[in-house]
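Hi,

Here is the structure I promised to pass along. Have a look at it first, and then read on for what turned up.

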Amino acid sequence: MASDMEKGVEKSALTPSATNTSEHAGSTRPIVPETVRGLSPRHVQLMAIAGSIGTGLWAGVGSVLVKSGPLSLILGYLFWGLFFICPVNLCVGEMLAYLPLKGSIFELAARYADPALGFAIGWTFFFASVMLVCVEYSAVAVIISYWDATTNPAVYVAVAMVVCILLNIVAVKYYGESEFCMSITKVIMLFGLILITLITMAGGNPKGDAYGFRNWGSDPSSYMREYYTTGSTGRFLGWWEVVLYAGFTIGGPEMIALSAGEIQNPRRTIPRVAKMIFARIVTFYVIGVLCVGIICSANDKGLIKAISEGAAGAAASPWVVGIQNVGITGLPHLINALIMLSGLSCGNAMVYGSSRTLYGLARDGKAPKFLTKCTQQGVPILAIATVSVITCITFLVASNEAIDVFWWFIDLTTTGLIATYTMFALTYIFWYRARTTQNLDESTLPYRVPGGWYPAFSAVFCGGLALTFVGYDCFVPFSTRGFVTSYFGLAFAVVMFAGWKIWHKTKFVDPAEADLISGKKEVDEDCRRWEEGGIEENYRAYLATLPFWRRCWEKLW
């Protein structure tokens with residue numbers, strides 16, 4: 001449902017403000033198609049959700065529940081969301097609302113901190129996002145195996161790959177619409193499962209069993225289960241397992257960072273999306289995992305058996321196991337289908353994210369220049385093609401158990417994402433130092449992080465801890481596979497940073513000399529159609545022209 005404001009951007013898709021038309025030394029560069037501002041606020045809101053609600057919240061969470069217990073599940077997600085993900089989102093929101101560039105945060109890290117940091121962020125996130133695409137492709141293969149265990153999973157990987165590629169090579173506004181529809185389906189699914197939990201725990205089930213919190217167990221010690229060792233240390237490590245798993249499942253800041261150059265009215269949209277992360281964390285994750293522990297016991301024999309046997313799709317989902325336990329039939333197939341759609345949606349979002357990362361790196365001179373080639377609709381076609389070729393490693397499922405490949409990619413993705421988000425927070429610290437040193441007028445900032453730079457330090461501390469102890473359980477007994485998949489992402493980030501710094505002999509940027517201005521004039525011109533006369537004033541005037549139901553719809557985003 002495109003609004004008039006959304007439609008207006010189509011007219012300017014290939015106007016000078018959306019293309020490379022600039023003069024240098026008396027010459028004019030030829031017009032070359034670039035990415036365009038075709039993403040509306042509702043697209044961005046749902047993309048942020050889509051990029052973080054994948055199959056992990058539906059199926060993979062069962063193994064964490066069995067290891068850690070229901071209370072650890074809630075506390076782990078709450079801790080990671082509030083002390084890491086929330087600060088990172090707000091920090092990214094402040095920087096990119098001020099300067100929503102194409103190429104985005106990688107270029108800003110190079111300006112404010114060190115060119116080597118910009119290089120490391122870009123390539124580390126590219127690695128993590130490509131691994132996440134592989135996670136979702138392999139997840140789709142696992143999920144479909146619930147219905148068809150005889151066909152080679154590689155066939156379904158190929159189907160998922162074709163779907164995501166096709167959705168990404170259409171114009172960005174159509175990509176946004178497809179992601180919007182799939183994301184809405186995931187939100188409806190989650191709210192539906194929460195509602196089912198509330199109804200069934202109160203006795204609204206075929207057995208008439210008002211089980212309440214019975215699945216938590218009668219012994220309080222079962223609320224936080226021991227993992228890896230015994231006693232208090234074991235319960236702490238059980239909680240830590242949840243924190244690390246939350247590091248994989250909770251995302252969002254990368255979508256703001258990568259789509260900043262394609263967002264309509266970015267200086268209103270970006271702060272709004274960043275500030276709504278708290279509501280998303282509480283609603284989608286904390287309440288979601290609370291319901292997981294209510295509807296299914298961590299001691300459930302059916303769940304434990306399904307996980308130990310590597311059961312496919314919904315068979316290993318605590319939601320499905322809990323629903324079946326109260327006598328409800330017919331839902332497992334529906335839930336499996338929705339989990340499959342969830343995997344496709346997250347894969348679709350990450351193909352977008354990884355291709356835009358590669359495009360941004362190429363624009364900034366940190367990847368081959370040919371990757372900046374776009375179609376007339378503003379789609380970075382060669383970047384998408386490159387991502388698609390790399391993700392062919394998912395075809396490992398043809399010669400290995402699909403569920404094993406799924407967990408390999410999860411481990412690789414987790415470290416890469418945490419390293420990327422930690423570097424986002426580091427970039428903010430350098431940005432804050434530069435803008436205070438240069439006395440940048442704070443009234444020019446569309447948004448400021450509450451608490452200054454202290455939330456960024458919280459994120460850096462939590463991220464550093466997670467990166468250090470992500471593979472604590474692979475040492476005794478030593479697991480080569482566990483060590484490599486746990487720490488490869490961290491090693492990759494360090495090598496990218498050190499390699500660029502040594503090769504190019506870069507230095508950390510003096511805060512008094514950090515470039516806070518370049519590109520702002522062009523962005524101001526590009527955004528003038530939304531900002532001239534006041535951002536909020538223009539938006540209120542636009543809302544006044546709409547019927548009541550449309551006003552309500554627009555205000556949601």
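Predicted model: local features only at pLDDT ≥ 70, side-chain atom pairs only at ≥ 80, totals over all residues.

**What I found**

P477 is found in the loop between helix 18 and helix 19 (480–504).

The mean pLDDT of the protein is 85, with 89% of its residues at 70 or more. Confidence is highest in helix 18 (residues 454–469), at a mean of 97, and lowest in strand 2 (residues 27–28), at 37. Over residues 1–32 the pLDDT stays under 50, and the model has 56 contacts beyond four places in sequence for that stretch.

Now the overall picture. The protein has 23 helices and two strands. Of its 557 residues, 58% are buried. If you take the contacts between residues at least 6 apart in sequence, 80% of them join residues at least 24 apart.

The inside is worth a tour. The largest nonpolar core has 166 residues, and the ones that touch the most other members are L73, Y77, W80, F84, W123 and W431. Helix 6 (residues 115–144) gives this core its largest share, 22 residues. As for W431, its contacts beyond four places in sequence are E94, M95, Y98, Y112, L440, L445 and L516.

Next, take a look at V292, which lies in helix 12 (residues 277–295). Is V292 buried or exposed? Its relative accessibility is 0%, so V292 counts as buried. Leaving out neighbours within four places in sequence, V292 is in contact with V61, L65, L73, P318 and W319. P70 is 222 residues away from V292 along the chain, yet their C-alpha atoms are separated by 7.8 Å.

S297 has a relative accessible area of 15%, which is under 20%, so it is buried. A polar atom of the S297 side chain lies 3.0 Å from the backbone nitrogen of N299. Not counting residues up to four places away in sequence, S297 touches L65, N215 and L303.

What about the cysteines? The count of disulfides comes to zero. For C86, the nearest cysteine sulfur is that of C91, 9.6 Å away, and C86 is in no disulfide. C86 is buried, with a relative accessible area of 13%, and C527 counts as buried too, at 0% relative accessibility.

Last, two backbone angles to look up. Y228 sits in the loop between helix 8 (172–201) and helix 9. Phi of Y228 is near 75°, a positive value in a residue other than glycine, and Y228 is partly exposed at 40% relative accessible area. K505 is in the loop between helix 19 and helix 20 (520–526). Its phi is near 50°, again positive in a residue other than glycine. With a relative accessible area of 68%, K505 is exposed.

Cheers

Note on methods. Residues numbered from 1 in each chain as written. Heavy atoms only, no water. Core = buried A, V, L, I, M, F, W, Y, C linked by side-chain atoms within 4.5 Å. Buried < 20%, exposed > 50% of the residue type's maximum accessible area, 1.4 Å probe, protein only. Helix = DSSP H or I, 4+ residues; strand = E, 2+ residues; numbered from the N terminus. Contact = heavy atoms within 4.5 Å. pLDDT = per-residue confidence, 0-100. Polar contact = N/O pair within 3.5 Å; in protein donor to acceptor, adjacent residues only side chain to side chain. Disulfide = S-S within 2.5 Å.
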